[in-house]
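Please open the structure in your viewer and keep the sequence beside it.

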Amino acid sequence: MAVRGAVRLAGAAAVALLIGFTGPGASAQEEPAPAEPTAPAKPSIRDALTGASDDVTGSARGGFDGGNTLDVTLTLENHTAEPIELTVPRGALFETEDESEQTAVTVGPQLEKASTVAAGVDPTITLQPGTQTVALTGFCAQRLDSGPDTIVPMTWAGVADQPLTTVLTNIAATEPDPETAQHAVWWVTDVPVLPVPEEVAPLLDGVDTEAFGANPKRVVHDERYTPAWGRDQALDPSDPFGDPALDFQDPLADDGAFAPDGGDGGGPGMGLILLGAVVASLVVTVLVARSGRRATPAVARPGAAGGATPAGWHPDPQNPQQLRYWDGRAWTNDTRPF
């Protein structure tokens, strides 16, 4: 009996303990903590330039205009009574109406401080109510296209793909000289030569250059343009960023450097001038060659009456003061004095 009583007592204690752990309060599932509110994405200059926003609108103009960089200036208008913060995508692309002109790729606002640059984070600008201009640092994104040499209207053309945006981030963070920065951009868009030229290697930090150089891809959205790496032409690894090779298009085509007005309504295009120079050079070469052939005296060979004469120096039948070389069959242009 004592044993049974002990068992009952132990069972009752276990049941009480179980009820304590699995009571109504413990069995109810805890409700998840409310999610942190997600901040709405900042509007972008894309929204202003494409008409996707009613609060802010704008337009773009750009070109070389005698400078070394293809800068773009935005004119933006904030229609509200409060400041608006806009993102400026790293690698924003701009193009002109002229298909022969190159696409511009922008690094970011010219006033951006290098110390604030962070990988994967686009810069921002704050627009006060009213109209203001924002200058963006830009570069040529298509090495074999020309212009725009003057400031012209430009339109939004999307955002460049990786690894160009990584390169542009490095440019913004280090502020190299414009020529080196341009060459780094071209390495990605057109001439991914290996080994990587020493001058641009620091700006390609974070890029798998071996993989990209072995299998480059289009990073600028312009199907009308074929990058240099996609063309059937050899690149000079010792000078990959040199002057682009001449592309002799149809001289009668009314566009680009070979247009009669240079494609801009001005004087003859540089392509036509160069083409004319090449043709003139060929004509001069032909005329000189013909005159050289005529300089050979058209006279009978020496000893014609007495049989064949061996090759050698003989009196020049046209000038008795010198000797002319006979090669056994004809007179040559080689002469010497007696």
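Which residue takes a positive phi just after α4? It is Glu175, with a phi of about 50°. The model on the screen is a predicted one, and the tour will return to this residue after a view of the whole.

**The whole protein**

Begin with everything displayed. The protein has 338 residues, of which 36% count as buried. Its secondary structure comprises 7 helices and 11 strands. Among contacts with a separation of 6 or more, 64% are between residues 24 or more positions apart.

**Helix α4 and the residue after it**

Select residues 164–174, which form helix α4. Of these 11 residues, 9 are buried, so the helix is largely enclosed by the rest of the structure. The buried residues include Leu164, Val167, Leu168 and Ile171. Now display the surrounding elements: the buried residues of α4 pack against β5, β7 (130–140) and α5.

Next, select Glu175, in the loop between α4 and α5. Its positive phi, near 50°, occurs here in a residue other than glycine. Is Glu175 buried or exposed? Glu175 counts as exposed because its relative accessible area is 55%, and exposed means over 50%.

The peptide bond that joins Gln162 and Pro163 is cis, with omega about 5°. Pro163 has a relative accessibility of 11% and therefore counts as buried; the cut-off for buried is under 20%. Which residues does Pro163 contact, leaving aside its neighbours within four places in sequence? They are Val188, Val207, Phe212, Lys217 and Val219. One of these contacts, Lys217, lies 54 residues from Pro163 along the chain, with 9.7 Å between the two C-alpha atoms.

Then select Gly147 and Pro148, which are also joined by a cis peptide bond, here with omega about -5°. Pro148 belongs to the loop between β7 and β8.

**Two further loops**

Select Pro123, in the loop between β5 (104–109) and β6 (124–127). With a relative accessible area of 9%, Pro123 is buried. Show Val88 as well: Pro123 and Val88 are 35 residues apart in sequence, yet their C-alpha atoms are 5.5 Å apart in space. Beyond residues up to four places away in sequence, Pro123 touches several others, among them Leu86, Arg90, Gly108 and Glu112.

Continue to Gly328, in the loop between β10 (319–326) and β11 (331–337). At 33% relative accessibility, Gly328 counts as partly exposed. Its C-alpha atom is separated by 5.3 Å from that of Pro310, 18 residues away along the chain. Setting aside residues up to four places away in sequence, Gly328 touches Thr309 and Ala311.

**A charged patch on the surface**

For the last stop, select Asp177, Glu179, Glu198 and Glu199. What do these four residues form? Together, Asp177, Glu179, Glu198 and Glu199 form a negative surface patch. Within this group, Glu179 lies in helix α5 (residues 178–189). Its relative accessibility is 53%, so Glu179 counts as exposed.

Definitions and conventions
Residues numbered from 1 in each chain as written. Predicted model: local features only at pLDDT ≥ 70, side-chain atom pairs only at ≥ 80, totals over all residues. Heavy atoms only, no water. Patch = residues over 30% accessible without salt bridge, like charges linked within 9 Å, V, L, I, M, F, W, Y side chains within 5 Å. Areas by Shrake-Rupley, 256 points an atom, 1.4 Å probe, with all protein chains shown as cover. Salt bridge = Lys/Arg side-chain N within 4 Å of Asp/Glu carboxyl O. Lys, Arg positive; Asp, Glu negative; His and termini not counted. Charge placed at Lys NZ, Arg CZ, Asp CG, Glu CD. Helix = DSSP H or I, 4+ residues; strand = E, 2+ residues; numbered from the N terminus. Buried < 20%, exposed > 50% of the residue type's maximum accessible area, 1.4 Å probe, protein only. Contact = heavy atoms within 4.5 Å.
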